[in-house]
Amino acid sequence: MKARILVVDDDEALAEMIGIVLRNDGFEPVFCADGGQALEIFRSSKPDLVLLDLMLPGVDGIEVCRQIRGESDVPIVMLTAKSDTSDVVRGLESGADDYVPKPFKPAELVARVRARLRPGDQKAPETLRIADITIDVAGHLVSRGSERISLTPLEFDLLVALARKPWQVFTRELLLEQVWGYRHAADTRLVNVHVQRLRSKIERDPEAPEVVLTVRGVGYKAGS
Amino acid sequence: MVSAIKQVPEPSKGRSGETDAQSPPVERVAPSSTKPTPSLETDRPPVPEHGPEHTDALANVPALSFRARLWGRRAQIVILRVLRLVRTGLSRALPGIRFLLRSLRRRWRRSLQLRTVLTTLLLSISSFAVVGAYLSNQIANNLFQERLTQAESETLYNVKQVQETFDGAQVTNQSSVITLVYDTLNAVEGRGNVIQRRYVFEAKPEQTKPRNRWVESRASDQLTINVIPPELRRAVQESGKEQFWASMEFPVGTEDRPGIAVGNLVTFNGTAYELYLIYDLNSAQMTLDEIQNVLWAGGAVLVLMIGAIAWYVTRNVVSPVSHAALVSEKLAAGQLQERMVVKGEDEVARLGASFNHMAASLQEQITQLATLSQMQQRFVSDVSHELRTPLTTVRMAAEVLYDARHDFDPINKRSAELLYNQVERFQSLLADLLEISRFDAGVARLDAEPTDILSLVTHVLDGVAPVAAEYGSEIVVICREKGIVVEMDARRIDRILRNLILNALEHGEGKPIHVSVAANESAVAIAVRDHGIGMTPTEAARVFDRFWRADPARARTTGGSGLGLSIAAEDTKLHDGWLQAWGNKGAGSNFRLTLPLRQGEAIVKSPLQLEPADVGLSVRSGDRSTLVVNSGAPASNTPALEAAGQGVPEESGREEDTRDH
């Protein structure tokens with residue numbers, strides 16, 4: 001079955017071009033040119049992934065991202081023309097899993113899309129623990145005692161990657177490769193922002209993390 | 001001794017018997033007291049007592065010397081204790097005193113008002129002192145002269161009277177002679193309760209003529225001949241009939257009073273006597289004291305008033321100035337709305353008005369500049385967005401065409417290739433341009449966190465490996481450390497290193513490239529050394545200039561934007577690091593990046609040498625042309641040229657460096 005991708009972009013030429021590229025690579029694109037209608041179209045089309053331009057007329061991309069994230073865990077990849085730190089971080093913090101800075105190459109875009117669609121197919125039944133957190137990998141469940149914690153697929157992948165090798169310190173680059181599927185260097189802010197988001201969900205006190213620990217100058221590791 | 005009798009100024013004749021009875025002791029005492037006088041100057045009362053004590057002391061010399069030693073020791077101990085006390089007191093008080101002095105000196109340096117007031121006070125005090133001294137001297141002189149003239153004429157008259165009385169006296173028996181002499185002398189003292197003048201009557205010593213033995217000496221009150229200055233006595237003794245005077249002091253009760261002694265010789269019955277009349281200057285002295293007191297008080301009041309006036313006047317002048325200073329300080333601190341208060345139309349008001357005018361135009365300019373900068377920032381951001389969206393479409397389209405180029409005929413195929421390559425180049429140029437304008441707008445912000453620079457180097461080398469393979473250059477990393485954690489913006493450092501290495505590859509002519517990494521306690525350095533064509537000093541001086549190329553005629557092989565090294569310099573500056581270039585024609589070049597290990601700390605010394613060690617061996621030192629181009633930082637022992645001015649490392653992010661490989 002073709003994966004359905006919702007492209008939210010007000011630039012018709014670009015949207016059309018993205019459509020061509022996506023169709024070429026075997027995806028089924030759905031378009032939306034207005035931020036105000038994005039949520040409606042999202043609900044009606046039920047896409048497997050959302051490509052979202054940050055600068056939109058009407059409701060802006062960050063707000064759209066927040067709305068979608070409010071009712072779904074579907075992967076969101078932002079398209080940004082402004083790669084100012086604040087914009088990127090704001091976009092990531094509003095719930096986007098990844099971003100592609102303009103101007104991008106078709107292959108880059110497709111690689112990002114594929115990387116985000118990848119997870120979810122092959123998962124062996126497995127139970128992992130970090131600190132007082134229990135992870136049911138196959139069931140995509142995370143809990144502290146009897147309390148369920150809801151994570152997006154990306155956050156889940158990040159946590160699982162750390163939990164599988166609790167003895168290893170993961171550099172940001174390694175996490176980018178394992179969780180996001182980047183072959184080459186990418187923006188390590190992705191990792192920072194997502195670790196922060198993950199911590200805000202699973203840590204008792206995000207200021208004093210116990211589950212995801214920072215190793216100064218190197219990266220992150222699982223807590224014991 | 002004598003005073004008991006002489007207290008009564010006018011003894012009647014009936015009392016003479018009593019005085020008679022008392023006179024012999026006077027006579028007896030007199031020689032013993034007069035004899036030592038010439039040598040003892042004015043030492044009056046203790047003379048009789050000196051003798052006995054002296055003999056006593058001579059008798060007990062050992063005991064006395066022992067006691068003296070004892071006292072000496074005691075005195076020594078006391079002096080030592082006092083000294084120690086003073087020293088500890090000083091050491092306690094010294095910091096305080098020093099602080100006081102320092103603060104006073106600071107006030108003196110910093111406060112024009114204090115300086116003016118103090119100077120005025122000092123000057124007025126010294127001028128008052130001069131004037132006061134002159135005035136009181138004049139007054140004292142006048143008073144004295146007046147009194148002296150009076151004393152001299154009075155003496156002349158009185159002495160004449162005495163001499164006449166003496167001349168007309170019949171010398172029959174002792175008591176009558178004594179009575180006569182005493183009455184005459186008492187008459188000299190004056191009438192009424194107030195003693196107008198005192199006298200000292202003394203037989204002239206060493207007379208050859210036969211002497212009147214009945215009258216030896218006599219004086220008012222407790223006076224003795226010792227009060228008379230020896231010089232005066234000598235003058236009187238040696239002269240014939242002339243009159244001499246001298247100022248002196250004499251005791252009255254317990255106090256010493258100033259006076260004038262006027263001396264003459266009188267003869268009585270063939271015997272020469274010295275007669276000194278002593279005039280009390282106490283009233284004159286008191287008048288003088290009074291005048292001096294008035295002068296002191298007046299001077300003090302005047303000085304205080306002058307001080308107050310000086311303070312007031314300088315305050316009037318200085319306070320607008322210090323107000324202006326305060327306001328300009330505030331202006332300099334960025335409170336551009338600050339203005340001076342303008343009152344009246346005088347010079348100060350003019351100063352205030354022109355100051356305010358200046359501040360207003362400054363504020364206007366700065367606001368305008370700020371708006372301009374904001375506009376530029378907005379413009380950059382807008383251009384960035386507006387250009388990128390269509391460029392993305394073009395780029396994607398070009399790539400789709402490029403991927404399908406095998407289906408095209410040769411012309412279309414080549415066109416697709418050209419389109420694709422040039423879109424890539426255009427995109428890279430645009431990214432660099434936007435990055436530079438970000439720096440120019442001052443919105444570039446450092447996003448530093450501790451990162452291992454060695455893994456970053458490895459990463460960069462992985463990235464450029466295909467390009468290196470293309471040029472056929474081998475890249476050698478020289479490093480002793482296992483890992484160096486540096487607080488840095490990894491993306492920027494990544495970009496700098498990639499630029500340096502690509503630059504080295506481009507100019508390395510396929511020869512090996514050495515990348516050295518070293519650290520010391522404050523800094524880490526990475527040097528990228530190529531052994532290619534190198535550069536001349538003039539070329540090295542411009543290597544960080546925008547769009548600059550060593551040889552404009554040279555082919556643009558890598559298609560770089562010409563902004564790579566400029567951006568690297570800006571990125572380095574943002575880290576407070578140094579980016580320096582060394583070049584030597586034919587011996588290659590060396591680019592050294594030095595970064596502080598922790599942000600906010602200064603680099604003391606770069607861990608690596610800028611001029612490569614191998615150069616001295618291959619090139620004769622005379623031919624060696626060393627040139628260092630500095631970016632951002634000072635330093636380096638070799639002559640340095642600034643390639644980039646001091647910018648404002650500030651705000652906001654960066655462009656994704658999309659010239660990836």
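A: **Two helices side by side**

In chain B, the axes of α9(B) and helix α10 (residues 347–403) come within 11 Å and cross at roughly 5°. Axes are lines fitted to C-alpha atoms, for helices over the stretch in contact, with angles from 0 to 180 degrees between N-to-C directions. On the α9(B) side, B:P320, B:A324 and B:L331 make the contact, and they meet B:V348, B:L351, B:G352, B:F355, B:A359 and B:L362 of α10(B) (contact: C-beta atoms, placed from the backbone, within 7 Å).

This is a predicted model, in which local features need pLDDT of at least 70 and side-chain atom pairs count only at pLDDT 80 or more, while totals for chains, interfaces and linings use all residues. Residues are numbered from 1 along each chain as its sequence is written, with chains lettered from A and ligands numbered from 1 in the order written.

**Around the pair in chain B**

The buried residues of α6(B) are covered by elements including α7 (174–189), β3 (244–252), β4 (255–268), β5 (271–280) and α9 (282–332) of chain B (helices are DSSP runs of H or I, at least four residues; strands are runs of E, at least two; both are numbered from the N terminus). The buried residues in α6(B) are B:V117, B:A151, B:T155, B:N158, B:V159, B:V162 and B:F166 (buried: 20 or more other C-beta atoms within 10 Å; exposed: 12 or fewer; partly exposed: in between). Helix α6(B), residues 112–167, has 56 residues, so at 1.5 Å a residue it should span 82 Å, and its end C-alpha atoms are 80 Å apart, which agrees (expected span: 1.5 Å times one less than the number of residues).

Helix α13(B), residues 490–507, reaches 26 Å from its first C-alpha to its last, close to the 26 Å expected for its 18 residues. It is mostly covered, with 17 of its 18 residues buried. After α13(B) comes B:E509, whose phi is positive, near 50°.

Strand β2(B), residues 217–219, holds B:A219. Because B:A219 has 25 C-beta neighbours inside 10 Å, it counts as buried. B:A219 and B:V200 are 19 residues apart in sequence, yet their C-alpha atoms are 4.3 Å apart in space. Leaving out residues up to four places away in sequence, B:A219 touches B:Y199, B:V200, B:F201 and B:T224.

**Now compare a pair in chain A**

Chain A has 8 helices and 12 strands, and 42% of its 224 residues count as buried. Here α6(A) and α8(A), residues 189–202, pack at about 90° with their axes 10 Å apart. Because of that angle, α6(A) is roughly perpendicular to α8(A). The touching residues are A:L154, A:E155, A:L158 and A:L159 of α6(A), and A:H194, A:R197, A:L198 and A:K201 of α8(A).

The largest nonpolar core has 61 residues, and A:V8, A:I18, A:V50, A:L51, A:L52, A:L159 and A:L162 touch the most other members. Helix α6(A), residues 153–164, gives the largest share of this core, 7 residues (nonpolar core: buried Ala, Val, Leu, Ile, Met, Phe, Trp, Tyr and Cys joined through C-beta atoms within 7 Å).

Technical notes:
Two residues are in contact if their C-beta atoms, placed from the backbone, lie within 7 Å. Angles under 35 degrees count as roughly parallel, over 145 as roughly antiparallel, 65 to 115 as roughly perpendicular and the rest as oblique.
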